[in-house]
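Hello,

Here is the structure for your files. My notes follow below it.

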Amino acid sequence: MFLVPTADVVRRSFFSAMGNSFVGFDNYQTVLANRSFRLALSNTGRFLVVCIPLLLALSLAVALLLYRQRRLQDLLRTTYLMPLVVPVTSVVLIIQTVFQKNGLLSALCAAFGKAPVDWLNSEYAFYVLVICYLWKNLGYNVVLWLAGLSAIPASLYEAARMDGATGRQRFRYITLPQLRPTLFMTAVLALINSFKVFREAYLVAGQYPHTSIYMLQHVLSNWFTNLDMQKISAAAVLIMAAILVIVAVVQRVSGGKEGLE
Amino acid sequence: MMKRFLAALLAACMLTGALAGCKPKAEESAGNTAVPMTAGRYVESEIALPALADGAKQMVIGMQTEAGAISIFTMINLGEAEGWRYRYFRHTIGADGTVTTAEETWLNELAPFGGNEMRVTAAADGTLYMTFSDFDAQNQLVAHILVSRDGGKTGMELAGDGLSDLDSITSFGVLGDGSMAAGSFYSGVLLLLDADGNRVQELTSDNRGPIVTGAANGNFVALAAIEGNVVRVYDCTSKTYQDYAFSFSEQSYPQLAVAGDGAVLLVDNTGVYRHAPNGTLWEKLVDGETSTLGLPNFYAGSVRIDEESAYPAIYIDDVERVLAYRYDPTVTATADKELTVFSLRPNDTVRQAIVAFSRVRSDVKITYTVAMDNASGGTEQDYIKSLNTELIAKTGPDILILDGLPIDSYIEKDVLTDLTAVLAGTEPMQENIRAAFLRDGAIYAVPTGFSVPMAVAAAGTETAFDSLPKLADAAEQAGDVPLLTNCAFSFRTLSLYLIQYYGDALQNGDAAAVEAFLTDAKRISGAIGCTALLGAGWDALGDMSQDELYEMCSGYIGMPQIVMAVGNEARDILMQPMGSVRACMEMTEAAGRLNASIVSVNGQFVPAGMVGVNKAGKETEVAAAFVRMLLSYDAQGGNQYAEQFPVNVQALKEMLAYQNDGVSSGMMLSDGSEFSAEWPAKAWRERIGALIDTLDKPLLTDAALQDMLQAEVTAYLDGSNTLAQATERIGSMLSTYLSE
């Protein structure tokens, strides 16, 4: 079902905007030379590099803390996925209430004698988005890690314990290797979810947000509004290729395929 | 084995079905593909009101039909010199086209000062009635019914007790026995009165809500209750009634008419509908979408049926004009071509053009899509993307009204057709406006109207608005009385208007240009004493919040400036774009009082209703004809209250020549005195015309860019950011924007 539209996008990336004339690799050159695209690409890359490791590490840490705490797990079970079901508009409202120039955080700053800051229209906007992403996806990734932890046979830990392995050694030599297939899946899902943060960025700051949160989706959305189909198509092919490479690398690192098998 | 057999059988069945679906139908494949067109439908025409000797403006107050002839009752007001008396006329247009005009002496005598809701109704036997209401000595509304039983020679007023139960009469009809149905829209009741006006009974719609309109004929009374979505028809002989369900549109102002056989005609802004007696369905005779009925400024005042033929002629008036809907057996009932028109927001000129086009091209059905109407929930970007998807798929609309759409991008992507040849065949259009859209010898989009940023400039400041540096110089040299008032210009509104009118210097992102713009803006802000607050010095604005004041000033900034300038608190006035002579009333009045000139803002104008033709559209010939219609007098003329100046030369001349002594506006000045404005005098209208002839720069605003810039310029003006910070931030923002 997706092959035909994908093939059409690839075809369009070699044609002019309305598909009237073949232009070879001109669109790719235009896109790669485009300052907005490069800015969006670097912001998105920076976001991925900061967020995904942070999310994976934090969620794994929380999962490890919770794994042995059955009672706490039961208690918190319903809250893990709560951020995912909160409507985006509500999230945006909360972000604005907290982070706008006259919002709660600025009020807090004022209480300490600091000048109010327009968090969403400054370099801080990037970190606001990072916090938003982590808040929204942490619980979901904890669930994934907990599932992965549950799949590790208890006999391995018992055997290690009998052999005198310390907790750190058990984590290093049993838990981490056993979680490699889960890492693959969690990382790929984290990557996919990271693209969804655009909704919040768009609703909070519009078509042209602060340059630190000007993401790939912004440039693609604005190109679409301007009917720049040729640029969107070329950019989409480039992004698709980049994601495939990232997934392949993650797969290789985590041994995901064999794990899934 | 059995499974394989069943699977193969199923596959064969599906394949056969699919192939059968693709095969042409028998009759089509036989070569006789043309489905016979059902011929005949109602066609709209406008009946020209016969002019009076003195050319006075007439208001239509009723109609009478008889044997193919129509009589139109009109009235004129004689003005202050005659004590605001009315005179009444009857124009009779015979079936052969002959016109006779006579005064209605009975009305001249009985209703010299008229009243509210004046309507003349003719009974089937020729008896004439006039209904209206006025205020009595206790300031209470009183309804009146005048009657003339001798064809309008003499008349009398009815004094039955039923009249005291009505505060006014907004719907009226006469039954065969001379009894009357009279109803009030305001109180929602409909009374049956005897021939002397005595109350017989109240006709109700049970619990279906108030009655908004009614009509009567023969034995039947029809009434409409919008809340109940029902039209009820009473048979006064059998004392029975029937309810016909009708789904009224929002803000519907329906009018009813009843034929002698009990058939009901309903007219509202969606069309003309007929319900046969004892029938089950409403038949749509006229579509509001393609007729005058659907125009936003049309409200049917009364409906009249001429039952002489099998397909009765229908006459509808809206106080200013009379429309005739006559059945034409020669035109096709269904159009064989379809033209699609798209605009982001409703456009009155397009609606007018659709009506005019439908009159002359009955073979074309026009589908007008307004993306952002009242019911839409998406953003502008959503609808543009949706349109772009259609354009890419080459299924987009034939005609694009480009306001709010990325025009430059569409031109660059070869979406739009060169209109040069189309424009060669149009009625003359304002040449300087047309020329402003020439690109390399081609014209891809032209406006159907425009508005003009104007300024009232005191002596010595006539050229101040030519550029931002000149404005800054003039502001600094103004002396004790500031050039512009800070009552209307806060940091935000000053940023808004300066970016709108002088922001083209920012468009290329050049740091020096940005810095120069900011510096000049700061000079102006400082010279006129801008603050973050609006409304300073005008006490009447005290009740409005700053948000409300900003909303007002961002759309209509003239008023607070006029108040302050007339009070000698400011020298000049910078107006929002003005789109009609009517809109210029207060400005010209102020200019007259200040002995000042009216100037343009650097020869700029704001185009509106930009029309382009989709190159991939299917009906290119029809699209070209429609564009010509859009630019014609038929679509642009005759509306002195339009929100845009027309580009059609004849329509513009007419607008500039039009004088209306019956309109005035007033307001209280800051010192308690009154400021009243009349229709601009001839000299001012000529000045506006001359100013329009000099315009040569279209002001195409990009809302997204403007919003971004306004926030940054405001932050600089109010001191939140330094010049270097503001320049850097705007530069960075523009860099992203421009490089996209």
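The largest nonpolar core has 160 residues. A nonpolar core here is a set of buried Ala, Val, Leu, Ile, Met, Phe, Trp, Tyr and Cys residues joined through side-chain atoms within 4.5 Å. Buried means under 20% relative accessible area (1.4 Å probe, protein chains only), exposed over 50%, partly exposed in between. B:Phe465 and B:Tyr410 are among the residues with the most contacts inside this core. Apart from it lies another core of 33 residues, including A:Phe126 and A:Tyr133.

This is a predicted model: local features need pLDDT of at least 70, side-chain atom pairs count only at pLDDT 80 or more, and totals for chains, interfaces and linings use all residues. Residues are numbered from 1 along each chain as its sequence is written, chains are lettered from A and ligands numbered from 1 in the order written, and side-chain values use heavy atoms, without hydrogens and water.

Next, B:Ile72. It lies in strand β3 (residues 69-77) of chain B; strands are DSSP runs of E, at least two residues, numbered from the N terminus. B:Ile72 is buried, at 0% relative accessible area. Its contacts (heavy atoms within 4.5 Å) beyond four places in sequence include B:Phe89, B:Arg90 and B:Val322.

Last, a sheet. Chain B has an open one of 4 strands, in the order β14-β15-β16-β17, paired antiparallel. Two strands pair if DSSP finds at least two bridges between them. β14 (213-217) and β17 (240-245) of chain B are the edges; each has a single partner strand, so one side of each lacks a neighbour in the sheet. β14(B) pairs with β15 (residues 220-225) of chain B over 5 bridges. There, B:Asn217 stands opposite B:Phe220.

Best wishes
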